Amino acid sequence: MKQTFAIGIGGAAGQGVATPGDIFAKIFSRRGLHLNAYNAYQSIIRGGHTFLTIRTGPEKVTNMGDRIDLLIPLNQDTMDRHLGLLTAGAACVYNAETIKPGAAGDGVQLCPLPVSKLADITRNKVAQNTLAIGAALSMMGIGFQGLESVLTEQFKKKGEAVVAENVGLARAGYDYATLNFKPFASPLPMTENRYAVFSGNVAMAMGGAAAGVKFYCAYPMSPSTGVLHWMAAHARKAGIMVRQVEDEIGVINMAIGAAHAGVRAMCATSGGGFALMSEGLGMSAMIETPVVVINCQRAGPSTGVPTKTEQGDLWQMLGAAFGDYPRVIAAPLDIGDCFRLIPEIFNIADRFQCPGMVLCDLLLSEGRLSVDPRDLDFNPIIDRGELITRANGAPSGPRTNGAYKRYQISESGISPRAIPGVPGHIHTAATDEHDEDGVLISDEFTNTVKRRAMMEKRMRKVVGIEAAIPPPSLWGPRNADVTLIGWGSTKGVIEEACEILSDQGISANQLQIRWLVPLQGEAIVDVLKGSRHTIIVENNYSGQFARYLRSETSYAPNGHIRKYDGEPFMPHHIVEAVKEQLTGKTKLSVPTHEIMV
Amino acid sequence: MATGLAVPKQLVMADLKGKIDPDWCPGCGDFGVLAAVQKALVELQIPNHEVITISGIGCSSNFPGYINTYGMHTLHGRALAVATGVKLANHELTVLVTGGDGDGFGIGGNHFVHSMRRNVDLLYIVMDNQIYGLTTGQTSPTSRIGMKTKSMPFGNIEAPVNPISLALAAGATFVARGFSGEQKHLTELIKQGIEHRGFSFLDVFSPCVTYNHDNTYQWFRPRVKKLEDDPAYDPADWMAAMERSLLWGDEIPIGRFFERTDVSTLHGAEPVLNEGPLVRSDTRIPPDLARSFIEELM
């Protein structure tokens with residue numbers, strides 16, 4: 001088993017859970033430790049309960065894991081909710097004056113901090129947080145220096161006195177713990193590496209910038225808003241026009257307008273906003289103007305649980321907008337992949353002049369992951385496809401459109417796309433069915449032969465798209481006892497479940513789907529033919545991917561593991577469900593989330 | 001620009017003729033609007049490949065197909081949102097948006113209000129016939145109280161929207177009303193609207209001869225009074241414009257209600273566009289900048 005260490009910090013919203021989280025993340029990533037952070041929170045600005053899990057270790061950390069090694073409750077509620085989760089070897093650091101511990105498990109170390117003796121609590125309301133960070137680092141075997149420099153950066157703007165006060169507090173906590181608490185059994189190592197830490201939303205925004213996005217617009221909607229925030233903050237440096245629009249209908253239409261004028265345009269939303277964009281996606285397909293839309297799924301239906309994760313929008317994406325049209329849908333596999341996928345999907349959308357949809361979810365959008373900065377390629381391949389611009393257009397005369405036909409019938413289904421402003425290529429792009437020249441064939445020129453030809457031209461692009469995307473591959477031993485099939489964000493947790501199962505004598509492999517439409521059905525079935533027992537794991541109620549796979553390939557797996565309580569899978573949920581299913585007890589497991597958040 | 005082309009000849013009306021002839025009903029007010037737009041472009045001598053005409057859906061929204069400029073025939077009610085994207089991606093284009101009262105004030109009402117407060121630099125021409133035509137005659141947001149249609153056979157009980165007052169309240173920087181039966185006057189308003197830097201709203205009475213038997217040419221002709229004929233009228237006076245916008249009945253003002261030029265356009269207010277249109281900007285993030293983006297995460 002890999003060495004990992006997980007910290008859980010909980011409190012009410014507004015109590016400062018985020019700051020210690022950021023501080024730990026900086027310290028770990030600068031020591032060359034990987035990390036994965038997930039914040040379970042509620043749709044409330046002040047109060048309620050928020051619980052941040054940061055899991056770190058010298059190797060890649062792909063998910064929140066099963067175990068909390070250190071609990072830092074910032075209020076009584078957090079103590080009451082989560083102390084029972086701790087098992088032997090774990091510890092709980094808390095303010096002894098305001099929080100009373102309940103019954104702790106065997107081998108759990110309770111570490112009360114006498115906050116008012118160590119700090120002037122009349123002046124510093126979050127003194128307990130800083131003391132706890134200091135104490136925690138001492139117990140983890142991490143030197144004080146790293147914390148001092150992070151605190152200095154964190155509070156620099158507030159002046160030297162605030163810096164000195166916080167460094168002093170941290171030091172007091174650190175020294176107190178060194179004298180009074182037992183250190184953790186395995187101190188956290190240090191490596192030569194230095195990692196960047198980002199959320200999936202930041203990753204997708206940066207991926208957009210790398211892909212050459214020049215226009216980004218959005219309406220705020222959790223959990224997609226982080227993309228807008230990064231874009232807005234960096235727009236002027238990166239030369240990106242960023243607009244906040246009146247609604248998601250406006251968003252998609254504005255993005256398509258910008259794309260039609262010749263730039264790469266992107267927008268992000270969640271399920272509700274995506275529903276409003278549906279008609280616009282049909283327009284993108286019909287006028288053959290590429291646009292990339294990100295859907296950061298949250299728990300639905302309707303307003304649902306805005307701050308909780310789910311993979312419940314697959315069929316919405318599959319069915320978005322009426323009529324048949326070519327579309328591309330991809331689900332990033334982890335937060336690093338959120339960055340890589342955006343340039344890839346833009347190239348496909350541009351080449352095939354159709355909408356590209358990214359199916360992300362809250363787990364990736366708002367989770368955070370460490371990545372090697374060398375993996376963040378800001379110079380990816382940019383393929384704009386057959387685009388006629390003023391720079392490369394061969395004008396046949398400013399007043400005519402010469403021989404140019406915007407929707408010329410072609411074998412590939414792709415017709416060279418001239419952008420407005422290019423002499424000699426005047427045309428109208430219409431959402432009504434049209435002929436090769438863009439003339440409507442919905443009114444007096446209605447024509448069944450032309451309609452069929454245009455429909456077939458557009459749909460022929462699907463063949464090219466299929467050839468442009470790689471088939472999925474099987475990870476792990478070929479001849480395993482069980483094959484776990486997942487899509488998108490469950491990659492990391494399934495991977496770890498496979499490792500645990502192998503350690504327990506059940507060999508497991510994994511097939512993780514990234515490109516959902518077009519689905520590489522034959523390749524998937526080829527892989528699964530060799531599997532002994534297959535289980536589809538997904539974060540929704542009805543098995544949306546299982547139903548989709550079956551509709552495309554007639555393939556039905558041996559079993560299903562599903563979760564729709566708003567929280568992501570933890571590795572043991574999958575491990576226990578697999579074991580239960582291999583004994584033949586059930587074909588459908590719905591694990592219970594033990595952490596009450 | 002060394003294109004190797006001869007010096008362009010003068011733009012003439014024939015250059016602006018679309019690939020097909022309009023299929024509007026004979027006598028439709030929209031013919032007059034189309035002719036006035038073509039005349040205005042000829043008089044302003046704007047090269048037609050630098051113009052894009054964008055519409056929603058409806059009878060009047062077929063407009064882009066009938067004029068030889070770049071065109072987009074978008075979704076019902078969405079033309080202004082699309083046009084905003086087009087203008088921001090390439091602000092060197094002259095953007096004309098055309099549509100009807102149902103498209104603009106009904107299904108597209110939200111975009112209408114927000115486009116005006118943003119002062120997007122475009123001319124929005126609404127061919128206002130106070131009826132839904134392409135769906136064969138239902139009540140529109142500008143239908144008068146009491147008007148009988150297929151959707152309100154016992155008479156409309158909802159008050160109509162006043163597009164001019166609404167535009168003024170929403171912050172449009174150019175607000176005008178024309179009449180399809182007043183060609184010269186309408187052409188002049190279109191020219192002014194194109195030349196205005198900012199959101200130009202032009203509501204045009206464009207009678208539906210098939211479904212609206214209330215608001216006909218004969219009904220409008222004696223009523224419309226040009227604001228330009230009143231020497232005391234000052235289009236810089238917003239309050240005066242608001243007052244005139246409320247006039248309806250025996251006298252209905254047409255002409256330029258309001259114009260102000262001291263408000264920045266949306267594209268002019270965003271420094272990202274200082275270097276030129278987005279469509280010509282560099283798509284690559286410079287290495288130093290990329291490094292700084294990554295450094296923020298460390």
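Ala430(A) stands opposite His73(B), a residue of strand β2(B), in a model that is predicted. Their strands, β17(A) and β2(B) (residues 70–73), run parallel and are joined by three bridges. (Strands pair here if DSSP finds at least two bridges between them; strands are DSSP runs of E with at least two residues, helices runs of H or I with at least four, numbered from the N terminus.)

Now follow the sheet across. It's an open one of nine strands with mixed pairing, in the order β17(A)-β2(B)-β1(B)-β3(B)-β4(B)-β6(B)-β5(B)-β8(B)-β7(B). β17(A) and β7(B) (224–226) stand at the edges with a single partner strand each, so one side of each has no neighbour in the sheet. On average, neighbouring strands are turned by 20° against each other, direction ignored. Further in, β4(B) (122–128) and β6(B) (199–205) pair in the parallel sense over seven bridges, and Tyr124(B) stands opposite Phe201(B) there.

Back to where the chains touch: 62 residues of chain A and 52 residues of chain B take part (a contact means C-beta atoms, placed from the backbone, within 7 Å). On the chain A side, α9(A) gives the most, with nine residues. That side divides into 35 nonpolar, 15 polar and twelve charged residues (nonpolar being Ala, Val, Leu, Ile, Met, Phe, Trp, Tyr, Cys and Pro; charged Asp, Glu, Lys and Arg; polar the others, Gly among them).

A word on the labels: residues are numbered from 1 along each chain as its sequence is written, while chains are lettered from A and ligands numbered from 1 in the order in which they are written. As for confidence, local features need pLDDT of at least 70 and side-chain atom pairs count only at pLDDT 80 or more, while totals for chains, interfaces and linings use all residues.

Terms used:
Contact = placed C-beta atoms within 7 Å. Axes fitted to C-alpha atoms, helices over the stretch in contact; angles between N-to-C directions.
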